[in-house]
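Here is a short report on one protein model. Keep the sequence and the 3D view open while reading.

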Amino acid sequence: MEWISFHGPRRPINGQKIIYYGEPNGVLRGHYMRDYKDPYCKHLIICDESPGMVDYMDAPWWMPDEGQDKPQPPEFNYPPDYPA
C-alpha cells in the first residue's frame, strides 16, 4: 500500500481503521473520526496503540489498515500538498 496525503482529495471514511504517520510519533494504528461540529479540528485520528489522538495536521499521511504489517515511514515527513 502507498501513503495517502490527508490534504489531498481522498480521506478515510468516518470510523475507518487506518495506519497513519506523523513526526515525532512515527507509524501507528488508529481510526479516523470526523466531527463537523468540532470548532478546532474536524478531522481527528484516535490512536489504537496508546492513549491519545492527533489531528490531520500532525499526522499528514494515512493508509487503510487491512491487517497488514506496519509499513516503513513515507519518504518525506510532509506531503507536497501540506498547507504552508
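Is tyrosine 82 buried, exposed or partly exposed? Tyrosine 82 is partly exposed, because its relative accessible area is 24%, and the cut-off for buried is under 20%. The model behind this value is predicted.

## Overall build

The protein has six strands and zero helices. Along the sequence the pattern reads β-β-β-β-β-β. The radius of gyration is 12 Å, close to the 12 Å that the globule rule gives for 84 residues, so the protein is as compact as a globular protein of that length. Its C-alpha atoms fill a box of roughly 35 × 30 × 25 Å along the principal axes.

Buried residues account for 42% of the 84 residues. The exposed surface comes to about 5400 Å², and carbon and sulfur atoms supply 53% of it. Take the contacts between residues at least 6 apart in sequence: 49% of them join residues at least 24 apart.

## The sheet

The six strands form an open sheet in the order E1-E6-E2-E3-E4-E5, with antiparallel pairing. Strand E1 (4–5) and strand E5 (53–55) are the edge strands, and each pairs on one side only. Strands of a sheet pair through backbone hydrogen bonds, either parallel or antiparallel.

E1 is joined to strand E6 (residues 61–64) by two bridges, and the two run antiparallel. Serine 5 has tryptophan 61 of E6 as its bridge partner. E6 also pairs with E2, again in the antiparallel sense, over four bridges. Here tyrosine 20 has tryptophan 62 of E6 as its bridge partner.

Move on to E3. E2 and E3 pair over six bridges in the antiparallel sense. Isoleucine 19 is bridged to arginine 29 in E3. A hairpin of three residues joins E2 to E3. E3 and E4 run antiparallel and are joined by five bridges. One of the residues involved is tyrosine 32, whose bridge partner in E4 is isoleucine 45.

## The cores

Which residues touch the most other members of the largest nonpolar core? They are Phe6, Ile18, Tyr20, Ile45, Val54, Ala59 and Trp62, out of 14 residues in that core. Strand E2 (17–22), strand E3 (26–34) and strand E4 (43–47) each give two or more residues to this core. E4 gives the most, with three residues.

E6 is covered on both faces. Trp61 and Met63 are buried on one side, and Trp62 and Pro64 are buried on the other.

## Phenylalanine 6 and its neighbours

Phenylalanine 6 counts as buried, because its relative accessibility is 0%. Leaving out residues up to four places away in sequence, phenylalanine 6 touches Arg11, Pro12, Ile18, Tyr32, Ile45, Tyr56, Ala59, Pro60, Trp61 and Trp62.

## Aromatic pairs

How many aromatic pairs does a search of the whole structure find? The search finds five. A pair of aromatic rings is described by the distance of the centres and the angle of the planes.

One of the pairs is phenylalanine 6 with tyrosine 32. It is tilted, at 5.9 Å centre to centre and 35° between the planes. Phenylalanine 6 lies in the loop between E1 and E2, and tyrosine 32 lies in strand E3, so the pair ties together parts that are 26 residues apart in sequence. Tyrosine 32 also counts as buried, because its relative accessibility is 0%. Ring pairs link Phe6, Tyr32, Tyr56 and Trp62 into a cluster.

Tyrosine 78 and tyrosine 82 form another pair. Their ring centres are 4.7 Å apart and their planes lie at 55°, so the pair is tilted. Tyrosine 78 counts as partly exposed, because its relative accessibility is 44%. Tyrosine 82 is also partly exposed, with a relative accessible area of 24%.

Methods: Residues are numbered from 1 along each chain as its sequence is written. This is a predicted model: local features need pLDDT of at least 70, side-chain atom pairs count only at pLDDT 80 or more; totals for chains, interfaces and linings use all residues. Side-chain values use heavy atoms; hydrogens and water are left out. A nonpolar core is a set of buried Ala, Val, Leu, Ile, Met, Phe, Trp, Tyr and Cys residues joined through side-chain atoms within 4.5 Å. Buried means under 20% relative accessible area, exposed over 50%, partly exposed in between (1.4 Å probe, protein chains only). Contact means heavy atoms within 4.5 Å. Two strands pair if DSSP finds at least two bridges between them. The radius of gyration is taken over C-alpha atoms; the globule rule is 2.2 Å times the number of residues to the power 0.38. Accessible areas come from the Shrake-Rupley method with a 1.4 Å probe; for residues, only the protein chains shown count as cover. Rings of Phe, Tyr and Trp (its six-membered ring) pair if their centres lie within 6.5 Å; planes under 30 degrees apart count as stacked, over 60 as edge-to-face and the rest as tilted.
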